[in-house]
Amino acid sequence: MRSGEVLRLTGHTGDRPDGTFSNDPEAQTRQTFQNVALTLAEAGLQWSDVVEITTYRVGLRAQADVALRVAAEFLDAPYPAWTDVGITELFEPDALFEMSCVAVARTEDRQIAKPAP
């Protein structure tokens, strides 16, 4: 859903192009980030335009480092706000990871807050 310069993405999971899911949580997480990247690109945006992420993970504690390790392949500073939620199941029975995010198209007057030194 796009409203002006704001794009809201929901329900992205780690399904592969053929609709199947890997059994590996890291592969599913990476595929989710790749799927979001494709949707962002279709809207003329990229990961650096993302300002907020919410993720839902089956097995949050068991894969504590997986999301951060994979995210490092896609995200750069300044990082978006991120809420990571542990859940028991997702709508797709084989899905282990789902993401929603908000991206804002860059304009000349949009300033990115830099972290304090």
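Is Arg-106 buried, exposed or partly exposed? Let's start there, everyone. Arg-106 is partly exposed, because its relative accessible area is 40%, and the buried class ends under 20% while the exposed class starts over 50%. Please keep in mind that we are looking at a predicted model.

Now, who is the partner of Arg-106? Arg-106 forms a salt bridge with Asp-49, and their closest N and O atoms are 3.3 Å apart. This pair ties together distant parts of the chain: Asp-49 sits in the loop between helix 1 and strand 3, while Arg-106 belongs to the segment after strand 5, 57 residues apart. Asp-49 has a relative accessible area of 4%, so Asp-49 is buried.

Let's stay with charges for a moment. How many salt bridges does a search of the whole structure find? The search gives 6. One of them joins Glu-26 to Arg-30, with 3.1 Å between the closest N and O atoms. Both of these residues are in helix 1, and they are 4 residues apart, which is about one turn of the helix. Arg-30 counts as partly exposed because its relative accessibility is 23%. Another salt bridge runs between Asp-65 and Arg-69, whose closest N and O atoms are 2.7 Å apart. Here Asp-65 counts as partly exposed, because its relative accessibility is 43%, and Arg-69 counts as partly exposed too, at 37%. If you follow the salt bridges along, you find a network that links Glu-26, Arg-30, Asp-65, Arg-69 and Glu-73.

Next, the rings. The count of aromatic pairs comes to 5. Take Phe-33 and Phe-74: this pair is stacked, with 5.1 Å centre to centre and 25° between the planes. Phe-33 is in helix 1 (residues 25–42), and Phe-74 is in the loop between helix 2 (66–71) and strand 4 (81–87), so to speak from distant parts of the chain, 41 residues apart. Both Phe-33 and Phe-74 are buried. Phe-33 also pairs with Trp-82, this time edge-to-face, at 6.4 Å centre to centre and with 70° between the planes. Again the pair links distant parts of the chain: Phe-33 in helix 1 and Trp-82 in strand 4 are 49 residues apart.

Why does Phe-33 count as buried? Because its relative accessibility is 0%. Trp-82, at 27%, counts as partly exposed. Step back, and ring pairs join Phe-33, Trp-47, Phe-74, Trp-82 and Phe-97 into a cluster.

In soluble globular proteins, nonpolar side chains tend to be buried together. In our model, the largest nonpolar core has 20 residues, and those touching the most other members are Phe-33, Val-36, Leu-40, Trp-47, Val-50, Ile-53 and Met-99. Which elements give two or more residues to this core? They are strand 2 (6–13), helix 1, strand 3 (50–58), helix 2 and strand 5 (97–104). Leaving aside residues up to four places away in sequence, Ile-53 touches several residues, including Trp-47, Leu-75, Trp-82, Met-99 and Cys-101.

One last stop, back in helix 1, where we find Gln-34. Gln-34 is partly exposed because its relative accessible area is 33%.

Methods. Residues are numbered from 1 along each chain as its sequence is written. This is a predicted model: local features need pLDDT of at least 70, side-chain atom pairs count only at pLDDT 80 or more; totals for chains, interfaces and linings use all residues. Side-chain values use heavy atoms; hydrogens and water are left out. Rings of Phe, Tyr and Trp (its six-membered ring) pair if their centres lie within 6.5 Å; planes under 30 degrees apart count as stacked, over 60 as edge-to-face and the rest as tilted. Buried means under 20% relative accessible area, exposed over 50%, partly exposed in between (1.4 Å probe, protein chains only). A nonpolar core is a set of buried Ala, Val, Leu, Ile, Met, Phe, Trp, Tyr and Cys residues joined through side-chain atoms within 4.5 Å. Contact means heavy atoms within 4.5 Å. A salt bridge is a side-chain nitrogen of Lys or Arg within 4 Å of a carboxyl oxygen of Asp or Glu.
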